[in-house]
Amino acid sequence: MRRAALVTAFFAALAFVHAWPLSGHPGRVAFDSGGDTRLFLWTIGWNLHALGSPGVSLFDANIFHPQPNTLAYSENLLGLSLLAAPVRAAGGDLLLSLNAATLASLVLCGAGGAFLGRELGLGWPGALAVGTVYAFAPPRLMRLGQPHLLALQWIPFCLGYAHRYLRTGRRRSLWIAAGFFVLQAATSGHGGVFLALALALLALYRLALRRGPGPRRLAADLAAPALLAAGASALLFAPYLRAAHEAGLRRDLAEARAWSPNAASFVASPAHAHRAVLGSRAERAARAYLFPGFLPLALSLLAVWRGRAGAPGDAGFYLALGVVSLWTALGPDFGLFTALHRWLPGFGLIRVPSRLFNLTMVALGVGAGCGVQRLPRPALRAAAVALLGLEFLAVPLDARPYDVEVPPVDRWLASQPGRFAVIELPVADPRDEPRASSLQSRYVLHSTAHWQRTVNGYSGHTPAGHDQLFRTLARF
């Protein structure tokens, strides 16, 4: 427990430095991405309202009335809401609650990476390197304004317990891994899909090498935990299948192709050290920040050059995971994304292929940890971990003062008796996407004052009927 506390404190200190000024002023600043930020705030608020209100259906959220199941139009952030709950219960507002949960996720990503490193047999410097890369390298840290993509902290914990089972054969580790899988699916649907892919690859990798439990033993041990995880995840995933069927919620390959990363993305980073070497020209043209850093690449190459590290066969798995996830992240034009889109349940809801790079960062974190392990002296290992933290610095981040403004009329509605439906006007024609998103997302956030059903709506999907209704109301 003492070591766990020290590791958590280490990553909390890194989070405080790397996430500045969000870490210093979590109740006053935010990464303002317009409508999406207001959607995240509303989602946290709705989840805590619904979970604390008997008789209120979680997924039948109050937006897009009278449509049912509207929470499933975007990520439900349920697991993140549970992290935010203590802050909210203590009187914190939605902004503080969301930011506190996001910062907690960042710390847990680091701690989870270190746990995975230890389960792979790395010493503490190597394990800390895994956590540092996974939590703070630019492709991950720059997700701070996208909590559904940052909060992938349960992936390394789940993988760590899967490795423990493969090493010891103890079924208890499989049950714990199943629990972390459910936690990840509840925290981020994207993360659940990513983790399912990683676990499937790990099982195939071990079976191909004929190491660890054989197919029969693995199937027998895995049956009950997998059934539990699949059943619990199905409860979370069922509303999305229903939304895909009833409301047309599905991402086609044309949309994924449009969001695929370009070449500039792989040399783009806001970290000061990276800008000094790479310049900012690629950053301006990039569709995502995907440059993982010089040291993670160099240390991973050192690990490959000097041979395997960690538990037998497992370090090689992360090389395979890195290749597969990077290949998938390139998008539909490179084949593997298209195949997974057709055959892997849940994958059809992913519209941005570069999000698969989160798995690549797990692999690079392990590679960097193995590289640190190969350094000949303890002082060099400690220096490598410190340099990783310095290389990723991009402070101050673009977190700016942010106010959650709710008009008095919405507060007045909260005092009115009974249940009723409301609509806020004016609305913009949905074809004027910037103005429509701005207005609708503000109205959705306003509804947190009263939680009455509202015809307005902003989410990852707009039902066809409401799209036509908003076009009509724009001329009302």
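P396 sits in the loop between α19 (378-391) and β2 (400-401). The peptide bond from V395 to P396 is cis, with omega near -5 degrees. Keep in mind that this is a predicted model.

Which other peptide bond is cis, with omega near 10 degrees? That one runs from H65 to P66. P66 lies in the loop between α2 and α3 (78-89). Why point these out? Most peptide bonds are trans, and most residues other than glycine have a negative phi.

F64 has a positive phi of about 55 degrees, and F64 is not a glycine. F64 is in the loop between α2 and α3. Buried or exposed, at 0% relative accessibility? F64 counts as buried, because buried means under 20%.

L77 is in the loop between α2 and α3 too. Phi of L77 is near 55 degrees, again a positive value in a residue other than glycine. L77 has a relative accessible area of 1%, so L77 is buried.

Now step into helix α2. T43 is found there. What does T43 touch, leaving out residues up to four places away in sequence? The list is L71, E75, N76, L77 and S81. T43 has 1% relative accessibility, so T43 counts as buried.

Next, helix packing. Two packed helices are described by the angle between their axes and the distance between the axes. Take helix α2 (residues 35-51) and helix α4 (residues 94-119). Their angle is about 95 degrees, and their axes are 9 Å apart. The two helices are therefore roughly perpendicular to each other. The range for that label is 65 to 115 degrees.

Which residues of α2 and α4 meet? From α2 we have F40, L41, I44 and G45. From α4 we have L94, L95 and L98. By class, this contact has 6 nonpolar residues, 1 polar residue and no charged residues. Look at the numbering within each helix. An α-helix has 3.6 residues a turn, so residues three or four places apart point the same way.

Stay in helix α4 for A101. A101 is at 0% relative accessibility, so A101 counts as buried. Leaving out residues up to four places away in sequence, A101 touches L80, L83 and A84. Now find F136. A101 and F136 are 35 residues apart along the chain, and their C-alpha atoms are separated by 16 Å.

F136 brings us to helix α5, as one of its buried residues. Helix α5 covers residues 124-136, which is 13 residues. From first C-alpha to last, α5 reaches 18 Å, close to the 18 Å expected at 1.5 Å a residue. How many of the 13 residues of α5 are buried? The count is 11, so α5 is largely enclosed by the rest of the structure. Among them are G126, L128, V130, T132 and Y134.

Back to α19 for a moment. The 14 residues of α19 should span 20 Å at 1.5 Å a residue, and the end C-alpha atoms are 20 Å apart, which agrees. The buried residues of α19 are A384, V385, L388, G389 and E391.

One more loop residue: F291. F291 lies between α14 (281-285) and α15 (294-306). F291 has a relative accessible area of 7%, so F291 is buried. Its contacts, leaving out residues up to four places away in sequence, include P138, P139, F266, H274 and L297. F291 and D398 are 107 residues apart along the chain, with C-alpha atoms separated by 19 Å.

Last topic: cysteines. How many disulfides are there? The count comes to 0. C109 is in no disulfide, and the nearest cysteine sulfur, that of C158, is 14 Å away. A disulfide needs two cysteine sulfur atoms within 2.5 Å. C370 is in no disulfide either; its nearest cysteine sulfur is that of C158, 19 Å away. C109 counts as buried, at 0% relative accessibility. C370 is buried as well, with a relative accessible area of 6%.

Notes: Residues are numbered from 1 along each chain as its sequence is written. This is a predicted model: local features need pLDDT of at least 70, side-chain atom pairs count only at pLDDT 80 or more; totals for chains, interfaces and linings use all residues. Side-chain values use heavy atoms; hydrogens and water are left out. Helices (H or I, at least four residues) and strands (E, at least two) are DSSP runs, numbered from the N terminus. The expected span of a helix is 1.5 Å times one less than its number of residues. Buried means under 20% relative accessible area, exposed over 50%, partly exposed in between (1.4 Å probe, protein chains only). Axes are lines fitted to C-alpha atoms, for helices over the stretch in contact, and angles run from 0 to 180 degrees between N-to-C directions. Angles under 35 degrees count as roughly parallel, over 145 as roughly antiparallel, 65 to 115 as roughly perpendicular and the rest as oblique. Contact means heavy atoms within 4.5 Å. Ala, Val, Leu, Ile, Met, Phe, Trp, Tyr, Cys and Pro count as nonpolar, Asp, Glu, Lys and Arg as charged, and the others, Gly among them, as polar.
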